Amino acid sequence: MSKYQFQESDIYIPGTDIPKNRLGIDDPILLHEIEETLLQEAYRVFIGELNPSVCFDEHYFKSLHYRVFSALYDWAGEFRSVDICKGGSIFCLARNLVNASKKIFQELEREGFLKNMGSLDNQAFANRVAYYQCELIALHPFYELNGRITRLFFDLIAIYNGYAPIDYSHGLTNDKQGAANVYINASITCVQCADNRLLQELIFKGLSKM
Ligand SMILES: Nc1ncnc2c1ncn2[C@@H]1O[C@H](COP(=O)(O)OP(=O)(O)O)[C@@H](O)[C@H]1O
Ligand SMILES: [Mg+2]
């Protein structure tokens, strides 16, 4: 059982936190490199596909996960069926995922999928992105790769509105010490305190017009 889970899941190679994958890779560094390559290629493809008829809805969000990672993982694009916690945070219970996700995406739809925010100032745009990003961080709907797909999703919304991809380098480090990672701290306050102000600040710092 992975250290992050509190229910059995057979997505990991037994005794490790390395997800079983279609290539049979059990070297975490190599697997991470392949994930990174797939993600970079996905940025190119999805940015190229942006157009006014794109809806940033639940189907689109799930399809990002599927299309980026289905070459590696059977569960790409599928919501998890186990409960997950990380570092004291309990994400949305698996049995509530479908309804909770619907609620978030219905709200996003009522806000026009944040598609026409180009006239807002950066702070107002950052606040709306942080609000929805906080919701999706707390949802944590997939077994793995939630962080990367969630950031990809909001990068695409930012690009749609004339921004560059959001620069999280002020907060997202490869530092494995959770306490030193501002993005993780911002995620923790989202999940544990329903407070997205740290995330607002990070996103605001990371916004620039293209
Ligand atoms: N202790 C925590 N409390 C709340 N959220 C967390 C915690 N640790 C990580 N997260 C959130 O989970 C994300 C990582 O989820 P994961 O599915 O492993 O995605 P990825 O593999 O892309 O990093 C982080 O980006 C962060 O938003
Ligand atoms: Mg992960």
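**Figure 1. Helix 5 (146-160) and helix 6 (182-193) each contribute at least two residues to the shell around ligand 1.** The model is a predicted one, in which local features need pLDDT of at least 70 and side-chain atom pairs count only at pLDDT 80 or more, whereas totals for chains, interfaces and linings use all residues. Residues are numbered from 1 along each chain as its sequence is written, while chains are lettered from A and ligands numbered from 1 in the order in which they are written. Helices (H or I, at least four residues) and strands (E, at least two) are DSSP runs numbered from the N terminus. The shell around ligand 1 holds 13 residues, of which Gly87, Ser89, Asn146, Gly147 and Ser187 come nearest; a residue is near a molecule or strand if its C-beta atom, placed from the backbone, lies within 6 Å of it. Helix 6 provides the largest share of this shell, 4 residues. By residue class, the shell comprises 5 nonpolar, 5 polar and 3 charged residues. In this classification Ala, Val, Leu, Ile, Met, Phe, Trp, Tyr, Cys and Pro are nonpolar, Asp, Glu, Lys and Arg are charged, and the others, Gly among them, are polar.

**Figure 2. Packing of helix 3 (residues 97-110) and helix 4 (residues 122-139), whose axes come within 11 Å.** The two axes cross at roughly 170°; axes are lines fitted to C-alpha atoms, for helices over the stretch in contact, and angles run from 0 to 180 degrees between N-to-C directions. Helix 3 and helix 4 are therefore roughly antiparallel to each other, on a scale where angles under 35 degrees count as roughly parallel, over 145 as roughly antiparallel, 65 to 115 as roughly perpendicular and the rest as oblique. On the side of helix 3, the contact involves Leu97, Ala100, Ser101, Ile104 and Leu108, and on the side of helix 4 Tyr132, Glu135, Leu136 and Leu139. Two residues are in contact if their C-beta atoms, placed from the backbone, lie within 7 Å. Of the residues in this contact, 7 are nonpolar, 1 is polar and 1 is charged.

**Figure 3. Tyr132 in helix 4.** With 22 other C-beta atoms within 10 Å, Tyr132 is buried; the term requires 20 or more such atoms, exposed residues have 12 or fewer, partly exposed ones fall in between, and C-beta atoms are placed from the backbone. Residues up to four places away in sequence aside, Tyr132 touches Ile104 and Leu108. His32 lies 100 residues from Tyr132 along the chain, and the C-alpha atoms of the two are separated by 27 Å.

**Figure 4. The largest nonpolar core, with 45 residues.** Such a core is a set of buried Ala, Val, Leu, Ile, Met, Phe, Trp, Tyr and Cys residues joined through C-beta atoms within 7 Å. Leu64, Val129, Ile149, Phe153, Ile157, Leu199 and Ile203 have the most contacts inside the core. Two or more residues each come from helix 2 (58-69), helix 3, helix 4, helix 5, helix 6 and helix 7 (197-205). Helix 4 gives the most, 9 residues. Beyond its neighbours within four places in sequence, Phe153 is in contact with Phe56, Phe61 and Leu64. In soluble globular proteins, nonpolar side chains tend to be buried together.

**Figure 5. Leu202 in helix 7.** Leu202 is buried, having 25 other C-beta atoms within 10 Å. Ser169 is 33 residues from Leu202 in sequence, with a C-alpha to C-alpha separation of 9.0 Å.

**Figure 6. Phe113 in the loop between helix 3 and helix 4, with Leu114 placed in that loop as well.** Phe113 is not a glycine, yet its phi is positive, about 55°. Leu114, likewise a residue other than glycine, has a positive phi near 55°. Phe113 counts as partly exposed, with 18 C-beta neighbours inside 10 Å. Leu114 is also partly exposed, with 19 other C-beta atoms within 10 Å.

**Figure 7. Ala71 in the loop between helix 2 and strand 1 (85-86), together with Val82 of that loop.** Ala71 counts as exposed, with 12 C-beta neighbours inside 10 Å. Leaving aside neighbours within four places in sequence, Ala71 is in contact with Arg22 and Leu38. Between Ala71 and Lys86, 15 residues apart in sequence, the C-alpha to C-alpha distance is 26 Å. Val82 counts as partly exposed, with 16 C-beta neighbours inside 10 Å. Val82 and Asp27 are 55 residues apart in sequence, and their C-alpha atoms are 25 Å apart in space.
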